[in-house]
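Hello,

Here is the structure I promised to pass on to you. Please have a look at it first, and then read my notes below.

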Amino acid sequence: MSSNSRPHTTNPFWEREGESVSDEQAQRQTHREMDAERGLHLLKVELENMPDNMKTSFAHAQHVAPDLVCDRHLSRFLYAEEYNVKVSCELLESNMLWTRPLSSSICASTNTQPPKNQLAARRLVTYWEHRKKVFGEDYLLPLTLSGAMKNHVQTLYDGYLNLLPQKDNFGRAIIFCNPINLLPAAFDNQVRIWWYLVHVAMEDDVALRNGFIIISNARNTSLSNFDAKSVSAICTSGDRLFPIRWRHTHCCHTNPIFPLVAAMVKSVLSKEQRKTFVLHNGNTEEVLESFREEGIPKECLPTDIGGSIIVSPEIFVQKRLAIEGHFKSEESDMKSAVSAAFQVPGKKMAFAQVKTAKKKAHSTATKQSVQPGRPGDPRMNAAVQAKLEDPDLPLLEALALGGFVFEDLNKPGVKSSEVRDKDGVTVYQRRNQLLRRLRKERKRAQL
């Protein structure tokens, strides 16, 4: 299931690594850019001529939330299809083709291969139909943490799906999947998280051109960490709905359960996704070298698999709230309350207790007053737990995993002794607090 093909470098649709750009290719690219405005006009004509019953969700969005279907939104789908809006009359007039969103459905019903480039109009209306299915009544809200995601922010903290801050050597966004963090109570919400992360990735113009890749860490996973429904929803949407291309899937540190789920995963992957599925096995150094050969150096990989990036959902949410301009203090309070309910030093909460803990989260937030850095602080509890589970983990990384944010760390001109967290506590004080807690935990373990 591996592929030796390399991703596209500059323009993801026609130029490949190591290939010189011919005059003909350059001319085609120039014409494509010049025809962007004309292509947008043609796309609008195709949408206008499409029967209403085939574009219900899209048409409703046009009427109720026109800002969401602006020219920029339409242009993204045009780019994804190389500005291709010219199609055969047979395709346009076929109700069956329009009402079946996936290429595999078309193939099965017509015994023919679908066009190489999916039509921008068809991809667009299918996208809106699926968006409505995923978000329900909230599908007409912006895909932000205070919009369509307002009731699902807590699932981001689980750390099952994560958008890494670095792109790979080919300018592709990286979505990191850590199945060990998948909670049964959050199966359905993970599809919404998937949609949100893909849309965040699309905000980067470089990633929008070059696409994204998935890296899945299968280390220490079991069948309980695999949900066929969410995996199917993710796989069938990633390459067929969004105006950004899913380039490669990388799975590392597979274990004996992988063959049990591989057949199911393969069945929902498109032909292109199966061709670009790459396995990385061996010890940590061998896996890192394997990733490096695929254009994904250590600096682009999370620490969970030997890389350099500390994956912190807390920091990601804080940054997104700031970027989206809707920071809410109560959101932070809710997160702390849930963390407090979940964190028990030296012990992980059973899955059966998760639902009860979440129900108590809101009342806990209003009743508890936790002093930052003290034993009752869920961030410090999480940092202690992380360090106990991985004794080689640097103290600063443990603090970051716990949720402490030191914005000025490594900032030019700022001394380490002057760096403080959001509560005004210096990084040295936090390290000392963590060391004291660790000594107490170790003494307790020896009793």
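**Helix 2 against helix 8**

Helix 2 and helix 8 pass one another in a right-handed crossing (the near helix is turned clockwise from the far one by less than a right angle). Before going further, please note that this is a predicted model, where local features need pLDDT of at least 70 and side-chain atom pairs count only at pLDDT 80 or more, while totals for chains, interfaces and linings use all residues. Residues are numbered from 1 along each chain as its sequence is written, and side-chain values use heavy atoms, leaving out hydrogens and water.

The axes of helix 2 (residues 36-49) and helix 8 (residues 120-135) come within 9 Å, crossing at roughly 60°. Helix 2 is therefore oblique to helix 8 (angles under 35 degrees count as roughly parallel, over 145 as roughly antiparallel, 65 to 115 as roughly perpendicular and the rest as oblique). From helix 2, Leu 43, Glu 46 and Leu 47 meet Ala 120, Ala 121, Leu 124 and Val 125 of helix 8. Six residues of this contact are nonpolar, none is polar and one is charged.

**The wider protein**

Helices and strands here are DSSP runs (H or I, at least four residues, for helices; E, at least two, for strands), numbered from the N terminus. There are 21 helices and five strands in the protein. Of its 447 residues, 49% are buried (under 20% relative accessible area; exposed is over 50%, partly exposed in between, with a 1.4 Å probe and protein chains only).

The largest nonpolar core has 68 residues (a core is a set of buried Ala, Val, Leu, Ile, Met, Phe, Trp, Tyr and Cys residues joined through side-chain atoms within 4.5 Å). Helix 10 (residues 187-202) gives the most to this core, with 10 residues. Leu 47 is among the residues with the most contacts inside the core. Leaving aside neighbours within four places in sequence, Leu 47 is in contact (heavy atoms within 4.5 Å) with residues including Lys 55, Phe 58 and Leu 74.

**Two loop residues**

Which residues other than glycine have a positive phi? Asn 220 is one, at about 65°, in the loop between strand 3 and helix 12. His 253 is another, near 55°, in the loop between strand 4 and helix 13. Asn 220 is exposed, at 63% relative accessible area, whereas His 253 is buried, at 10%.

Best wishes

How values were computed
Axes fitted to C-alpha atoms, helices over the stretch in contact; angles between N-to-C directions. Nonpolar A, V, L, I, M, F, W, Y, C, P; charged D, E, K, R; others polar.
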